[in-house]
Every structure is written in C-alpha cells, then in structure tokens.
Amino acid sequence: MDITQVIREFVVTEYLPDTPADELEVDYDLFRNGVINSLDLLRLISWLKDHFGIPVDELDIVPENFRTVANIRDFVASALPASAERTRT
C-alpha cells in the first residue's frame, strides 16, 4: 500500500467513517470542508509521527502541509529522507 492510500485510509477511518477511502480525492480540502479542525490536526500529526517515524518536532509544521491528502503525502515524502539521514549519522 502506498503512502497516499495509507493516509486516505487513516483520514476516512478517523474523520469520514461513511466515506470509502477510494472516494476521497487527493486534492479535497480537509480544512475548508470541515473534515479536520485544529484538534484533529494535532491527532493527525501525532499519527504521522508514530506511523511513519517522522520526527515532526524537528520539522516546520504549517497547516498548508495538511490541507489535502496530496499535501500530507508530500510532507511525509519530504520528511522521510531527512528522518532516514538523521538515523544514519
């Protein structure tokens, strides 16, 4: 399962339980459409940290990184190499 699908599954399970994961468009604005609020964002960030092993406390956290599934995927993808490099040194 790729990163996009894993994120979709989490979002629909946690925030849109009546929506099939494959129906959640990657560019669907989760904030504008009321799917995620500030408290939900904290839970999402915590899950990303735990699930992907991302040291989010060392990254620049801005809401735009979490607006859509595509943004979240890009954030995770950009954070993974940085995380892997830190563990090698």
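Predicted model: local features only at pLDDT ≥ 70, side-chain atom pairs only at ≥ 80, totals over all residues.
A polar contact is a pair of N or O atoms within 3.5 Å, and within protein one of the two must be able to donate a hydrogen and the other to accept it.

Figure 1. Let's start with the overall picture. The chain has 3 helices and 0 strands, and reading along the sequence gives the pattern α-α-α. How much of the chain is buried? Of its 89 residues, 38% are buried. The chain exposes about 5300 Å², with carbon and sulfur atoms supplying 49% of that area. Now take the contacts between residues at least 6 apart in sequence: 56% of them join residues at least 24 apart.

Figure 2. H1 is made of 13 residues. From its first C-alpha to its last it reaches 18 Å, close to the 18 Å expected at 1.5 Å a residue. Which residues of H1 are buried? They are Thr4, Val6, Ile7, Arg8, Phe10, Val11, Val12 and Tyr15. Here's a handy thing to know when you look down that list: an α-helix has 3.6 residues a turn, so residues three or four places apart point the same way.

Figure 3. Thr4 sits in helix H1. Is Thr4 buried or exposed? Its relative accessibility is 10%, so Thr4 counts as buried. The side chains of Thr4 and Arg73 are joined by a polar contact of 3.5 Å. If you skip residues up to four places away in sequence, Thr4 touches Val26, Val69 and Arg73.

**Figure 4. Val6 and Ala21 make a pair for comparing sequence and space.** Val6 is another residue of helix H1. With a relative accessible area of 16%, Val6 is buried. Follow the sequence from Val6 to Ala21 and you cover 15 residues, while in space the two C-alpha atoms are 9.3 Å apart.

**Figure 5. Asp40 and Arg43 pair up within helix H2.** Asp40 lies in helix H2. Arg43 forms a salt bridge with Asp40, and their closest N and O atoms are 3.0 Å apart. How far along the helix are the two? Because they are 3 residues apart in helix H2, Arg43 and Asp40 are separated by about one helical turn. Asp40 is buried at 15% relative accessibility, whereas Arg43 is partly exposed, with a relative accessible area of 36%. Not counting residues up to four places away in sequence, Asp40 touches Tyr15 and Val35.

Figure 6. Side chains of opposite charge can pair when their charged atoms come close. In this model the count comes to 6 salt bridges. One of them joins Asp29 and Arg67, whose closest N and O atoms are 3.2 Å apart. Why does this pair tie together parts that are 38 residues apart in sequence? Because Asp29 lies in the loop between H1 and H2, while Arg67 lies in the loop between H2 and H3. Asp29 counts as buried, at 9% relative accessibility. Arg67, on the other hand, is partly exposed, with a relative accessible area of 24%.

**Figure 7. Arg67 also pairs with Glu64, as part of a network.** Stay with Arg67 for this last view. Glu64 forms a salt bridge with Arg67, and here the closest N and O atoms are 3.0 Å apart. At 42% relative accessibility, Glu64 counts as partly exposed. Which residues belong to the network of salt bridges? Asp29, Arg32, Glu64 and Arg67 are linked in it.

Methods:
Residues numbered from 1 in each chain as written. Heavy atoms only, no water. Helix = DSSP H or I, 4+ residues; strand = E, 2+ residues; numbered from the N terminus. Buried < 20%, exposed > 50% of the residue type's maximum accessible area, 1.4 Å probe, protein only. Contact = heavy atoms within 4.5 Å. Areas by Shrake-Rupley, 256 points an atom, 1.4 Å probe, with all protein chains shown as cover. Expected span 1.5 Å × (residues − 1). Salt bridge = Lys/Arg side-chain N within 4 Å of Asp/Glu carboxyl O.
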